[in-house]
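Q: Please take a close look at the surroundings of the ligand and describe them as one connected picture.

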Amino acid sequence: MGDSRFSEYFLMKAEDAGEYVREKIDFFRKDEELFCEEIGDGNVNYVFRVRSGDDARSIIVKQAGKATRIDKNWFLSTDRGRIETDILRIQDSLAPGLVPRVYLYDPAMCAILMEDMVGYTMMRTALMEHRRFPLFAEHISTFLVNSLLLTSDVAMEHKKKKERVKSFVNPELCEISEQLVYTEPYNNEKDRNLVFAPNEDFVRENIYENKPLHLAVAKLKFDFMNNAQCLIHGDLHTGSIFINDTHTFVFDPEFAFYGPAGYDVGNVIANLLFAWCNAHATMEDGADRDAQKQWLESAVADVIDLFILKYHNAFREHVDDSMAKVEGFEDWYLSALLESTAGVTGLEINRRVVGMAQVKDITTIPDGSKRVAAERALITAANRYILEAPRFRTGADFLENFLNAANVYMGETPCR
Ligand code: SR1
Ligand code: MG
C-alpha cells in the first residue's frame, strides 16, 4: 500500500471517498458504481456517505481535519479519530447495539469507516420536525448507566481503569469544552459569544455580572478537569444521536475522556429542554403541541428516573470493591452524580444560548419575541440548576425547575 495516494494524510473531498473505501475495505461489489456526498453538519469533522447506485449498501467515512469547521484557525490533534474508534468499541461491548459499528480506523488518513445508520434521523432534526420517540428514555438511560458506571473505578479493576484514563487523555478536545462550556459564556473573554440582541441586558445581569454563578461554574470547571470518574462521551447532545421509532444510536464521541459522569447525563437533559422550547415557540397552539411538549417533559423526567433505577441495578450487579459496598456509599455516589448532572444541565443550557456554538432548536425560532422568552426561561432555569444543584434528586425535580421558568417567561402553564 506504500504507493497508495491514501498512505499520507490529506483532507478528502467527496470525489476521493469512493476510491478510498474500495482501497481500504471489501465492502462494495467491484463492478458497482459508487456515489458519495459530504454530509457532515457538525462543527469539527468531515463526514462522507458512500453508497452503491442501487442504494443497497452504504458506508460512512468520518475524517478528522487538522482544524475545526466552525473556526479554520482552531487546530486540533487528528488523534481524536483513534479516541473515537476506541470508545465506540468499548461502548459497543457495554451497551450492545446502541452505537454504530466501526469497520476500520485508518491512522494515516485519520479516518473512521463505520456503519451508516440508514433509516435513522439525527435526533435534533427529528425533534425540530416535532417527532416523538417513546423509547428514547429507555434506550439512553441504558446507554448512560452502562457506559458510565461500568467504566468507573467502582466497577472496573483499578489498574485497568488507570490504563484507560491514560489512553483517553484528550487535551485539545477537552480544552474546547473548558473554554466554550465552562468559561466564555460567563465572561466572553475571547469576544466570540453570540448574544441575541434583545437579550443583551438580560445576559449581562444574569450571566456576566452574576458573581455567585461564576463561583459555582468555576467549581464545576475544575471538577470537569480533575474528576477522572468514568469514560464519558463528552458531547452527548441531540446532534450526537441517530434515532427512529424503535431504536437509538449514540455516535460522535470524539470528545471522550475520563471525566465526570454527570457531564453526559446533563447534556441529554439540556438538549431535550431546547426541543421543548422549539415546540412551544414554533408549533401552533393546540393538542399536537401539547402532546409534543408532554412527551418531552416525560422524557426529561424518565431519563433521570430510569437512570437512577438502572444505576442501582447495575451497582448491585457489578460493583465488587469492598469499600464501595460499604453501607450508604451507593446512595452517596449517586447523589454526587445527580448534583453534577444538574450543574452540567445548566452549563449546557447557558453555553448554547450565549456561547459561540449554538443550537438550531433556539436560533431558528422565527418569532423574535418568542425566542427572547425561550432564552430567558432557559437562562433562569440554568442558573438554578447550577446554583442549587444538590436539590435535584429526581426526574420531577429537574422538570419542575424548567417548567417554573417557562411559566414565568413563556407565558403559558406547562402541560403537566
Ligand atoms: C469548536 S467545536 C464547538 C462545539 O461543537 C462540538 O459539537 C462541541 O459541542 C463543541 O463544544
Ligand atoms: Mg460532534
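A: In this predicted model, an oxygen atom of ligand 1 is 2.8 Å from a side-chain N or O atom of arginine 351, a polar contact being a pair of N or O atoms within 3.5 Å. The protein covers 95% of the 320 Å² of accessible area that ligand 1 has on its own (Shrake-Rupley method, 1.4 Å probe). Oxygen atoms of ligand 1 also lie 2.7 Å from a side-chain N or O atom of aspartate 235 and 2.8 Å from a polar side-chain atom of asparagine 43. The shell (residues with a heavy atom within 4 Å) includes Trp74, His237, Phe255 and Arg352, and divides into seven nonpolar, two polar and three charged residues. Helix 6 (171–180) and helix 12 (329–354) each supply at least two shell residues, helices being DSSP runs (H or I) of at least four residues. Because domain 1 (14–115) and domain 2 (121–409) both contribute to the shell, ligand 1 lies between them; the domain bounds come from an automatic or database assignment. Residues are numbered from 1 along each chain, and ligands from 1 in the order written. Local features need pLDDT of at least 70 and side-chain atom pairs 80 or more, with side-chain values using heavy atoms.

Definitions and conventions:
Polar contact = N/O pair within 3.5 Å; in protein donor to acceptor, adjacent residues only side chain to side chain. Nonpolar A, V, L, I, M, F, W, Y, C, P; charged D, E, K, R; others polar.
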